[in-house]
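I set out to record what can be looked up in a single protein model. The entries follow the order in which I examined it.

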Amino acid sequence: MGSDTPVASFVVGSWAVSAAHEEPVRILDVDSVWSHTVYEVWIPRLAKVERVPAESLVPSQGPKTIGLERIAYAVSAARIADALTQDVLLAPLEAGVIPLPHQLYAVTRAMGEDQIRYLLADEVGLGKTIEAGLIFRELKLRGLMKRVLVVAPKGLVTQ
């Protein structure tokens, strides 16, 4: 690189973009010897400090503006991740029906086991199909479902 090419100078604590790492880095220290400048930078993605020549750094464009949709997406993703850590049932939240308390109780008991083997047997009309659907959906949302066996009377198989 010739001496006529201008090289940007950075202040300790400022941000720059590293061409070698293709991401923003934070300037921690500056060393200059004769006409060569080397910056000590922190690379957030790698959680690492490295020394890079001044020629490989360009000024940062500043913070990007984030749209409302992106913020809503991030908040929703964080809420789902938080719910998964607290054993909150997700299936009833996205169900097309409003589950009754006894149906939620059945789903909670089924999800409370390490290995889920649960028999749904109830009176006629109390919502065994809804319970089963909620359990299937919860298992799918958590990525736990490999196989499902549904046993039905011969007369209901065609339904």
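**Entry 1. Basis**

I worked from a predicted model, in which local features need pLDDT of at least 70 and side-chain atom pairs count only at pLDDT 80 or more, while totals for chains, interfaces and linings use all residues. Residues are numbered from 1 along each chain as its sequence is written, and side-chain values use heavy atoms, with hydrogens and water left out.

**Entry 2. The chain as a whole**

I counted 4 helices and 5 strands in the protein chain. Helices (H or I, at least four residues) and strands (E, at least two) are DSSP runs, numbered from the N terminus. Along the sequence I read the pattern β-β-β-β-β-α-α-α-α.

I then looked up burial, where buried means under 20% relative accessible area, exposed over 50%, and partly exposed in between (1.4 Å probe, protein chains only). Of the 159 residues in the protein chain, 20% are buried. The chain exposes about 12,400 Å², and carbon and sulfur atoms supply 58% of that area. Accessible areas come from the Shrake-Rupley method with a 1.4 Å probe; for residues, only the protein chains shown count as cover.

For contacts (heavy atoms within 4.5 Å), I noted that residues 24 or more positions apart account for 39% of those with a separation of 6 or more.

**Entry 3. Residues in the strand region**

I found a positive phi, near 50°, at W34, a residue other than glycine. W34 sits in the loop between β2 (23–33) and β3 (36–43) and is exposed, at 85% relative accessible area.

A47 also has a positive phi, about 50°, although it is not a glycine. I located A47 in the loop between β3 and β4 (48–53); A47 is exposed, with a relative accessible area of 61%.

E55 belongs to the loop between β4 and β5 (57–59) and is partly exposed at 40% relative accessibility. I noted 8.7 Å between the C-alpha atoms of E55 and V38, which are 17 residues apart along the chain.

Is E23 buried or exposed? E23, in strand β2, is buried, with a relative accessible area of 11%. Leaving aside residues up to four places away in sequence, I listed A16, V17, S18, I43, P44 and R45 as touching E23.

**Entry 4. Helix α3**

Which residues of helix α3 (residues 101–111) are buried? I listed Q103, A106, V107, A110 and M111. These residues lie on the same side of α3, because they cover an arc of only 125° around the axis. The arc is that of the directions from the helix axis to the C-beta atoms. An α-helix has 3.6 residues a turn, so residues three or four places apart point the same way.

The buried residues of α3 pack against α4. On the face of α3 turned away from its buried side I found the exposed residues P101 and Y105.

**Entry 5. The largest pocket**

I recorded about 1,200 Å³ of space in the largest pocket. Of the 30 residues that line this pocket, Y118, F136, V148, L149 and V150 are the closest to its centre. A pocket is an open set of points on a 1 Å grid over the protein atoms alone, where a 1.4 Å probe fits, with protein on both sides within 12 Å along at least five of seven lines; lining residues have an atom within 4 Å of a point. Grid points are joined across faces, edges and corners, and the volume is the space filled by probe spheres set on the points.

Helix α4 (residues 128–141) gives the largest share of the lining, 7 residues. By class, I noted 18 nonpolar, 5 polar and 7 charged residues in the lining. Ala, Val, Leu, Ile, Met, Phe, Trp, Tyr, Cys and Pro count as nonpolar, Asp, Glu, Lys and Arg as charged, and the others, Gly among them, as polar.
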